[in-house]
Amino acid sequence: DASRGAETEQMVKKNNLHTHERLLKPLSGFSGLSGEMKELAAIISGDIYLHNPNVRWEDIIGLEDAKRLVKEAVVYPIKYPQLFTGILSPWKGLLLYGPPGTGKTLLAKAVATECRTTFFNISASSIVSKWRGDSEKLVRVLFELARYHAPSTIFLDELESVMGQRGTSLGGEHEGSRRMKTELLVQMDGLSRSEDLVFVLAASNLPWELDHAMLRRLEKRILVGLPSSPARQAMISHWLPPLSSTGGMELRTSLDYKMLQMEGYSGSDIRLVCKEAAMTLVRTVFDSLESHQECSDITAIQLGALTTADFVEVIAHTKPSARSLMDRYTAFEREYESV
């Protein structure tokens with residue numbers, strides 16, 4: 001019984017380890033590791049997201065279409081590989097585009113949490129080097145490592161900073177930048193002809209600046225737009241429930257959602273408005289706190305209730321960050337939609 005109990009405890013610890021941190025195969029078995037490539041592989045390995053971001057699909061309010069399509073592209077081919085053969089072979093690239101603060105990176109974190117794949121979190125600093133020839137080598141090592149650790153997801157955030165249109169930079173494009181972009185396109189083209197479970201997930205706030213060859217390789221292109229009215233209401237209810245605790249003090253709200261006109265606000269804008277609205281109540285107790293510095297019992301101070309009028313006043317002084325760009329996103333969707 002004692003040995004069985006110890007074995008059970010060991011299995012629980014092992015499961016907890018897999019829940020919080022992914023174990024990777026040692027690089028000693030990586031065939032592409034030779035000479036200078038060893039140092040480059042170590043650089044790229046530092047961008048593998050080992051820890052669990054702990055973002056579930058149900059944690060993301062709204063974006064139902066985007067969540068469904070991401071699941072179709074990334075999750076289901078791993079769970080049901082027998083269905084994704086022939087013409088139904090898995091997608092190799094997906095682009096999430098839309099205004100900042102709408103949840104593109106949050107969707108990527110949900111992929112890292114739910115999909116059990118090796119998650120490469122790549123930015124411009126990961127694959128751009130000042131040394132001649134190193135940028136394209138870093139790109140090649142990235143994709144070779146992704147195949148080695150497959151199933152893998154390569155997340156390219158702020159894609160326009162890496163993959164802008166070639167030959168249109170002011171004063172001419174640098175040769176090293178052009179070679180790096182070409183290598184990235186070649187590697188992604190190779191994915192479409194391979195059976196490896198390697199998926200490229202990209203996010204961009206400025207999709208019209210992307211190279212057209214990259215758009216072709218990102219087979220699914222999804223607009224992550226501004227939240228709908230029910231989604232905005234759900235976000236406000238999440239951040240400002242009727243009764244919540246802040247800093248040991250109770251915060252009470254009584255909001256009429258029909259009066260809250262927040263058309264054009266992104267998810268991050270709504271969170272900022274909720275934070276500012278809660279702060280208006282906290283500001284009323286600062287004088288009391290400062291005049292009774294000897295008193296350490298902050299919970300003795302009562303906050304007032306947040307009313308609809310208070311919230312409307314905060315909205316009037318907190319403007320949305322990207323409403324003016326929605327026409328450009330809609331025009332881009334009409335021309336390049338692929339869902």
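Glu158 lies in the loop that runs between strand 4 and helix 7 (175–192), where helices (H or I, at least four residues) and strands (E, at least two) are DSSP runs numbered from the N terminus. This is a predicted model, in which local features need pLDDT of at least 70 and side-chain atom pairs count only at pLDDT 80 or more, while totals for chains, interfaces and linings use all residues. Residues are numbered from 1 along each chain as its sequence is written, and side-chain values use heavy atoms, with hydrogens and water left out.

**Backbone geometry**

- Glu158 has a positive phi of about 50 degrees although it is not a glycine, and at 34% relative accessibility Glu158 counts as partly exposed (buried means under 20% relative accessible area, exposed over 50%, and partly exposed in between, with a 1.4 Å probe and protein chains only).
- Leu63, also not a glycine, has a positive phi of about 55 degrees, and Leu63 sits in the loop between strand 1 (48–49) and helix 3 (64–79).
- Ala150 and Pro151 are joined by a cis peptide bond with an omega of about 5 degrees, and Pro151 belongs to the loop between helix 6 (134–148) and strand 4 (152–156).
- As background, most residues other than glycine have a negative phi, and most peptide bonds are trans.

**The chain as a whole**

- The secondary structure of the protein chain comes to 13 helices and 9 strands, and of its 339 residues 42% count as buried.
- Among the contacts (heavy atoms within 4.5 Å) in the protein chain with a separation of 6 or more, 82% are accounted for by residues 24 or more positions apart.
- The accessible surface of the protein chain, from the Shrake-Rupley method with a 1.4 Å probe, comes to about 18500 Å², and 53% of that surface belongs to carbon and sulfur atoms.

**Enclosed space**

- The count comes to 1 cavity of 30 Å³ or more, where a cavity is a set of points on a 1 Å grid over the protein atoms alone at which a 1.4 Å probe fits but cannot get out, and lining residues have an atom within 4 Å of a point.
- The largest cavity holds about 90 Å³ of space, a volume being the space filled by probe spheres set on the grid points, which are joined across faces, edges and corners.
- Its lining consists of 15 residues, of which Ala73, Val74, Leu197, Val198 and Phe199 lie nearest the centre of the largest cavity.
- Helix 3, strand 4 and strand 5 (198–204) are the elements that give two or more residues to this lining, and helix 3 gives the most, with 4 residues.

Key. On a 1 Å grid over the protein atoms alone, a cavity is a set of points where a 1.4 Å probe fits but cannot get out, and a pocket is an open set with protein on both sides within 12 Å along at least five of seven lines; lining residues have an atom within 4 Å of a point.
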